[in-house]
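Here are my notes on the model you passed along, arranged as numbered points. Please read them with the sequence and the structure open beside you.

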Amino acid sequence: MYGKGVYLAECSSKSDEYASDDKTGIYKDLFCLLLCRVTLGEVLHLTNGGDAVHPMIKAGIESQAYDSVLGDRAAAVGTYREFVTYKEDQVYPAYILIYERLE
């Protein structure tokens, strides 16, 4: 949606949508989530994503006017907000959470 980067969410349920369980081994039927500390810096706030906005994002990041993107999907379509950084040193994985889904 917002180009190649590290995608983060403020809601664990958003991250859980992308998690898959381990089929074998000691973590069989368990899921993993990284809880990260993130420095967003100057944020480019967008409500729309896709190929049409990639050049604008690239120009904003390369010019150093912006450090990250807030894809405000909550405002656009009523779903989760997405945060995207384009430099891996902006993200510090602080905790690994291993969990089981209860149905």
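**Notes on the predicted model**

1. Strand β4 is covered on both of its faces, with Ser68, Leu70 and Asp72 buried on one side and Val69 and Gly71 buried on the other. In a regular strand the side chains alternate between the two faces of the sheet. Strands, here and below, are DSSP runs of E with at least two residues, and helices are runs of H or I with at least four residues, both numbered from the N terminus.

2. On the basis of these notes, this is a predicted model, in which local features need pLDDT of at least 70 and side-chain atom pairs count only at pLDDT 80 or more, while totals for chains, interfaces and linings use all residues. Residues are numbered from 1 along each chain as its sequence is written, and side-chain values use heavy atoms, with hydrogens and water left out.

3. On confidence, the protein chain averages a pLDDT of 93, and 97% of the residues score at least 70; pLDDT is the predictor's confidence in each residue, from 0 to 100. Within the protein chain, strand β6 (residues 91-99) has the highest confidence, at 97, whereas helix α3 (residues 73-77) has the lowest, at a mean of 71. Where pLDDT is low, the predicted coordinates should not be read in detail.

4. As for the overall layout, the protein chain has three helices and six strands, which follow the pattern β-α-β-β-α-β-α-β-β when read along the sequence. The C-alpha trace of the protein chain spans about 45 × 30 × 20 Å along its principal axes, and 24% of the 103 residues count as buried.

5. Four strands form an open sheet in the order β1-β5-β4-β3, with mixed pairing, two strands being counted as paired if DSSP finds at least two bridges between them. The edges are taken by β1 (6-9) and β3 (43-46), each with a single partner strand, so one side of each is left without a neighbour in the sheet. On average, and with direction ignored, neighbouring strands of this sheet are turned by 25° against each other; the axes behind this angle are lines fitted to C-alpha atoms, for helices over the stretch in contact, and angles run from 0 to 180 degrees between N-to-C directions.

6. The side chains of Glu82 and Lys14 meet at 3.2 Å, N to O; Glu82 lies in strand β5 and Lys14 in helix α1, so the pair ties together parts that are 68 residues apart in sequence. Both Glu82 and Lys14 are buried, Lys14 having a relative accessible area of 11%. Glu17, which meets Lys14 at 3.8 Å, N to O, is exposed, with a relative accessible area of 52%.

7. The whole structure contains seven salt bridges by this search, and another of them joins Lys28 to Asp29, with the closest N and O atoms 3.4 Å apart. Lys28 is partly exposed at a relative accessible area of 45%, and Asp29 is likewise partly exposed, at 41% relative accessibility.

8. Ile26, which sits in the loop between α1 (12-16) and β2 (31-38), counts as exposed because its relative accessibility is 74%.

9. Tyr7 lies in strand β1 and counts as partly exposed, at 34% relative accessibility. The C-alpha atoms of Tyr7 and Asp67, which are 60 residues apart along the chain, are separated by 13 Å.

Conventions. Buried means under 20% relative accessible area, exposed over 50%, partly exposed in between (1.4 Å probe, protein chains only). A salt bridge is a side-chain nitrogen of Lys or Arg within 4 Å of a carboxyl oxygen of Asp or Glu.
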